[in-house]
Amino acid sequence: MDVAFILAHVPDYLSGAFVTLRFGLYGVGCSLVLGLLCCLLRYFRVPVLRQIAGGYIELARNTPLLVQLFFLYAGLPRVGIRFSAEACAVIGLTFLGGAYMAEAFRSGIESVDKAQVEAGACIGLTRGQNIRYVIFPQALATAVPALFANVIFLIKETSVFSVLAMMDLMNVADTLRTSGGRTTEVLFMLVAAYLLILLPVSVLATLVERRLRYAGFGNQHSV
Amino acid sequence: MKKLNKIFALALALTLLLSLLVTASAEGFRTLDEIKASGKLVIGLFSDKKPFGYIDETGEYQGYDVYLARRLAEDLGVTLEPVSLDAPNRIEFLQSFKVDIVLANFTYTEERATQVDFALPYMKVALGVVSPDSALITEPEQLNGKTLIVSKGTTAETFFEKNYPEVKLAKYDSYTEAYIALLDGRGDALSTDNTEVLAWAIENPGFTVGIESLGSLDTINPAVSKGNETLLAWINEEIVKLGAEKFFHADYEATLRETYGANADADSLVVEGGEL
Amino acid sequence: MQDLGISILFKGVNFQRLMGGLWVTLRLALITIGLSCLFGLLFGMLMLSRRKIAHIFCRIWLEIVRFMPQLVLLYIVYFGFARLFGWDLDGETSAVIVFTFWGTAEMGDLIRGALTSIPRHQTESAAALGLKKSQIYLHVLIPQTMRRLLPQAINLSTRIIKTTALVKMINVTEVLKVGQQIIGQFYRQPDAAFWVYFVIFLLYFLVCWPFSLLARRLEKRWA
């Protein structure tokens, strides 16, 4: 193991990790918003928009991110719609992630016992208060494991950003590999970098799940 | 307990079988006799680099490199088995013996010669830079601070990294992706072999080769796996022999004349008989 | 230029070659799904064993799958093993190894979940009714396991089909690469890239969507 090589290239990997993390988190954030929006559109059965949301979820869940990115980055500009590489990264990740987040939110909301909703109405809560104090906390407690699993999934999906000529972690590793060999060291650092990014996310997920568990106790079918 | 032992035994057996299968396939390069005996010559070619190596609408490989590939297979009395590759994979395909010869517009460099063996040259080449007519780049210094599109694993990549570090490089895995990037304005210019950018610029109005010859005058040579002496010797004999019948000039007429036009000079590109 | 860009896909054998490229990934996916079912069954049973060492083995496997993007695993097997062990694996073999590694873990988890979710009283009641062990498996346990398992297994299969698109990054000539070869024929067609990538996007959707619908219908029927 050539330690000198490893130490010399730590800055490259750091900048790559920074790109991966930055655009990964932008994508995750936008996915959460889009997912919540789609879920609510379907829950409240908003006409027309509900069908659009449903169609979008089907489209996003049944196509690979790599193909979506090629279409966004190299296909659309040919008919005049041009996004920067970074925008394509975030749009692509959001397109994919929004669908998965929507499903996670949906499973959360559906898990809340109807009795809870009715009980809330019985004691005089308005619809808004009901959602805020009764449904949402319980839905979130059930959805959080799935949401965090999606976060980890999305950060792993960023590994295809190299097709956008972005110097993310994978591209840094690939460039080093093609320009000089030392394959073992390059791959070792790649694995270490992804672990350093994803382990904290996983630990955070466990902590959050634990703290939210109280909200699920009202629902005898959860936990 | 019994079930568990069975599971472990099965898993162990499968792992052993897998490793056997895999190690069995790790061979070395194929010598000339082995190639003749097998009846096929495996050659790595570009499949998206018109007019040097591409696939036409009938599904056949065509191009300046492919013309040579077909003749080599014919003279050896075997069938040609083309394998599609991209610029960054050329060395790796030879090092892992996935192909016998690489005829993918492979430029000779000393660095590459430490990893593969090159035969006699069959084409002259230097670097060229193509850019949009509206913002023509005529000197490499004009690219400082701007973005230059290159394909990974090409001489253009190493040249600009070494000599013009202020130029931002956007690196793509294949020629198709690189050219689409130029069309979409993802860079201010694109650089690769001048023969290639010239051909592309002719077919794409709105773009001109502002820098026609950059860096040293290099050659394109066939490449084989390191140490494959029998194959290397045979290819060299072939190239000298083909020189006598002006093969590469015929190759130029058949594959490149249409692109470059009637006024272009074949001798600026062609190397006959391996002699510059 | 009056030619609609999509017509390039129907020139000569272009479309057949595109479908051939799609078949490359589908074939890999089918092999992976088959092997994952087989090994997943073993993995699932291993997860249920009482031996501590089996648990540790499964845990390590699961964590690798959880924290490493599939593309990184592909690079490790395709490039890394070649240097480390001198194995000459082509792209397709590496893909089958990596995706089966991933698929086995996920399938094993599903099987374990399905097996443990069947209440013990089912087995006990069946025994009380006088059914033999083999009859219990055949008529009670396996049908119920299948019902919980099949929709999720079909979802996993869809994900496997989508993930096989990644083999483009390790030099396998699959549908995206064939698409690029087709684009490379027609420099004078300005919107070729749009149509080619759009059609590939559509092809993946048309392949995966029926499976998603099937899984959803089975889930509704058997819930």
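These questions and answers walk through a predicted model, chain by chain and contact by contact.

Residues count from 1 along each chain as its sequence is written, and chains are lettered from A, with ligands numbered from 1, in the order in which they are written. In this predicted model local features need pLDDT of at least 70, side-chain atom pairs count only at pLDDT 80 or more, and totals for chains, interfaces and linings use all residues, while side-chain values use heavy atoms, with hydrogens and water left out.

Visitor: How many helices and strands are there in chain B?
Guide: Helices (H or I, at least four residues) and strands (E, at least two) are DSSP runs, numbered from the N terminus. The C-alpha trace of chain B spans about 75 × 50 × 40 Å along its principal axes. The count for chain B is eleven helices and 13 strands.

Visitor: What percentage of the residues in chain B is buried?
Guide: Buried means under 20% relative accessible area, with exposed over 50% and partly exposed in between (1.4 Å probe, protein chains only). Chain B has 276 residues. The buried share is 57%.

Visitor: How many bridges join S1(B) to S5(B)?
Guide: S1(B) covers residues 40-46, and six of its seven residues are buried. S5(B) covers residues 79-85, and the two strands run parallel. B:Gly44 stands opposite B:Val83 in S5(B). The number of bridges is seven.

Visitor: Which residue is the bridge partner of B:Ile43 in S6(B)?
Guide: B:Ile43 stands opposite B:Pro82 in S5(B). S1(B) is also joined to S6(B), residues 101-102, by two bridges, and these strands run parallel. In S6(B), the partner of B:Ile43 is B:Ile101.

Visitor: Which three residues supply 33% of the area that chain A buries against chain B?
Guide: Contact means heavy atoms within 4.5 Å, and 15 residues of chain A contact twelve of chain B. Buried area is the accessible area (1.4 Å probe) that two parts lose on being put together, summed over both. Chains A and B bury about 1,200 Å² between them, 42% of it on carbon and sulfur atoms. More than any other three residues, the suppliers on chain A are A:Tyr73, A:Arg78 and A:Arg82.

Visitor: Which residue of chain B forms a salt bridge with A:Asp174?
Guide: A salt bridge is a side-chain nitrogen of Lys or Arg within 4 Å of a carboxyl oxygen of Asp or Glu. Chains A and B share two of them. In the one at A:Asp174, the closest N and O atoms are 3.1 Å apart. The partner is B:Lys152.

Visitor: Is C:Gln185 buried or exposed?
Guide: C:Gln185 is found in the loop between helix H7 (175-183) and helix H8 (192-222) of chain C. Leaving aside neighbours within four places in sequence, its contacts include B:Lys50, B:Ile55 and C:Arg17. The backbone oxygen of B:Ile55 lies 2.9 Å from a polar atom of the side chain of C:Gln185. The relative accessible area of C:Gln185 is 7%, so the residue is buried.

Note on methods:
Two strands pair if DSSP finds at least two bridges between them. A polar contact is a pair of N or O atoms within 3.5 Å; within protein, one must be able to donate a hydrogen and the other to accept it, and residues adjacent in sequence count only if both atoms are side-chain atoms.
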